[in-house]
Structure formats: structure tokens, C-alpha cells
Amino acid sequence: GPEVSNQVALVNFKLSVEALQEQLFIQIVEKERPEFQVQRKLTVGEVNTFRKNTADLEADILTRLYNVNEHGSILDDSSLLEVLEKVKEIDWMIKDKEQIIEGLSKKIDQSCTELRSVAKRASALYSVMLDLAHVNPMYKTSLLQFWLIYEKAVMNAPKENNMQLKVQAMNHDLTWAFFRALQRGIFEDDMELFALMIALKIVMFEGDITIEHFMCFVDG
């Protein structure tokens, strides 16, 4: 029924927004604190390499075990135990690297928590872009279009040592850049609604109104 459909839509919206916010956050951290992301990428790359090595070794073990079953005893293959030990060693190395990644993620969250405000604002603006199709099917937008707006705003962020002031400036510049980029394709009759949608989505993402309230507004 319609109630179930609405609940599914809300869940999907929340999941997609969370995923987008994380990607936007990673993008801004790469720009503002590149040392964190470089270290994290290197460690993730090492884990992926270890996992590939483990998969290759496990395939080798299966082949050896098959041959043992076909032709003799497990004791006849002295190198099999060495391979098993190697798999165990790599497994410990993976766990060690995963702990490093977890520590880096916590460090990024603690050191860059204020930057999440920019990712949250960007997600709010992108959801406005998606909702424009409800206003008029002629409004065609894309994630790539939005990503270019976001990337430009982030890259042109003001040089400011005070992170709080910098975040405020970035949110302001991003919102204004988004408005200017999209207003050129908005019909005059829809301009006030477009501006209101931006304002409502911003306060919704700040937690001042709920998704349900906003959807009531959009759906009439």
C-alpha cells in the first residue's frame, strides 16, 4: 500500500544520503587533510594485496589437498604446512592493518569533524536537485553536474586557519554556487519554490524538521 511505499522511500532516502555524505566527506578531507587519506589509501591497498595473496595460497592448498587425496598422505607434502603457516601469518597481518585503518578513520572523524558540516550541506543541496523532478519533469539534473559544483566550491575554499570560519564560508559559497548554477534552468514561476526548498532542506539536514514533514510539503 501507499504507507509501505512511503516507508520504503524514506529508508532508501536515508541510506542513499548517508552513502553520499560519506563520499562528500572523503572528498573534502582529501583536500583539507591529504596526509590522512594518503595513509589510509596505502593501508587499504596493502590489505587488498594481502587478501589476494591469501586467496592464491588457499587455492594452492586446495590443489595440494586434492593431490594428496588422489596420490598419498598429507605427510608426503612437507611444504603444505609451510603454506598453511603463511596463510595464518597473512591473516594476522590483515587484522593488524585493519586495526590501523580503524584507528585512522577515528582520527579523521576526530580531527575533521567540522568538515562533516560541509558534506551535510552538500547532501541537502543534492537532495533539492533530485526533488526538482517532482516540481517539473522538465528539470533534468545529474550527480555529475552536482559533483562539479561541489568540487569547485571545495577547491576554491578560502585560506582560513580558523576551521569554524572556514566551514561557514564553504557552506555559504557552496549554497550560493548551487543556487546560481541551477537558477538558470528554473522557470520564473518556480524560483520562489526553489529557494524555499533549499532553505527547508538545509534545516531538515540540521535536524530541525523531519524527512516526513518535508515529504508532506513536497507531495502536498
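Biologist: In this predicted model, at what angle do H5 and H6 pack, and how far apart are their axes?

Modeller: Two packed helices are described by the angle between their axes and the distance between the axes. The model is a predicted one, and in it the crossing of H5 and H6 is right-handed. For this pair the angle is about 140°, and the axes are 9 Å apart.

Biologist: Which residues of H6 meet H5, and how does the contact of H5 with H6 divide by class?

Modeller: On the H5 side the contact involves Gln145, Phe146, Ile149, Tyr150, Ala153 and Val154, and on the H6 side Met170, Leu174, Ala177, Phe178, Ala181 and Leu182. By class, this contact of H5 with H6 has 11 nonpolar, one polar and no charged residues.

Biologist: How are H6 and H7 oriented to each other, and why?

Modeller: Helix H6 covers residues 163-183 and helix H7 residues 191-205, and their axes come within 12 Å and cross at roughly 150°. Angles over 145 degrees count as roughly antiparallel, and so the orientation of H6 to H7 is roughly antiparallel.

Biologist: Which residues make the contact of H6 with H7, and how many of them are nonpolar, polar and charged?

Modeller: H6 passes H7 in a right-handed crossing. From H6 the contact takes Thr175, Phe178, Phe179, Leu182 and Gln183, and from H7 it takes Met191, Phe194, Ala195, Ile198 and Ile202. Sorted by class, the residues of this contact are eight nonpolar, two polar and no charged.

Biologist: Are H4 and H7 roughly antiparallel or oblique to each other?

Modeller: The axes of H4 and H7 are 9 Å apart, and the two helices pack at an angle of about 140°, with a right-handed crossing. Because only angles over 145 degrees count as roughly antiparallel, the term for H4 and H7 is oblique.

Biologist: How many charged residues does the contact of H4 with H7 have?

Modeller: In H4 the residues that meet H7 include Lys120, Arg121 and Asp131, and in H7 the residues that meet H4 include Lys201. Alongside 11 nonpolar and two polar residues, the number of charged residues in the contact of H4 with H7 is four.

Biologist: Leaving aside its neighbours within four places in sequence, which residues is Phe146 in contact with?

Modeller: Phe146 is one of the residues that touch the most other members of the largest nonpolar core, and it also takes part in the contact of H5 with H6. With neighbours within four places in sequence left aside, the contacts of Phe146 are Leu24, Ala122, Leu125, Tyr126, Met129 and Phe178.

Biologist: Is Gln27 buried or exposed?

Modeller: Gln27 lies in helix H1, and, with its neighbours within four places in sequence left aside, it is in contact with Trp147, Tyr150 and Glu151. Because the relative accessibility of Gln27 is 16%, and buried means under 20%, Gln27 counts as buried.

Biologist: For the protein chain, what percentage of the contacts with a separation of 6 or more comes from residues 24 or more positions apart?

Modeller: The secondary structure of the chain comes to eight helices and zero strands, and buried residues make up 33% of its 220 residues. Among contacts with a separation of 6 or more, the part from residues 24 or more positions apart is 73%.

Definitions and conventions
Residues numbered from 1 in each chain as written. Predicted model: local features only at pLDDT ≥ 70, side-chain atom pairs only at ≥ 80, totals over all residues. Heavy atoms only, no water. Axes fitted to C-alpha atoms, helices over the stretch in contact; angles between N-to-C directions. Helix = DSSP H or I, 4+ residues; strand = E, 2+ residues; numbered from the N terminus. Parallel < 35°, antiparallel > 145°, perpendicular 65-115°, else oblique. Left-handed = near helix turned anticlockwise from the far one by under 90°. Contact = heavy atoms within 4.5 Å. Nonpolar A, V, L, I, M, F, W, Y, C, P; charged D, E, K, R; others polar. Core = buried A, V, L, I, M, F, W, Y, C linked by side-chain atoms within 4.5 Å. Buried < 20%, exposed > 50% of the residue type's maximum accessible area, 1.4 Å probe, protein only.
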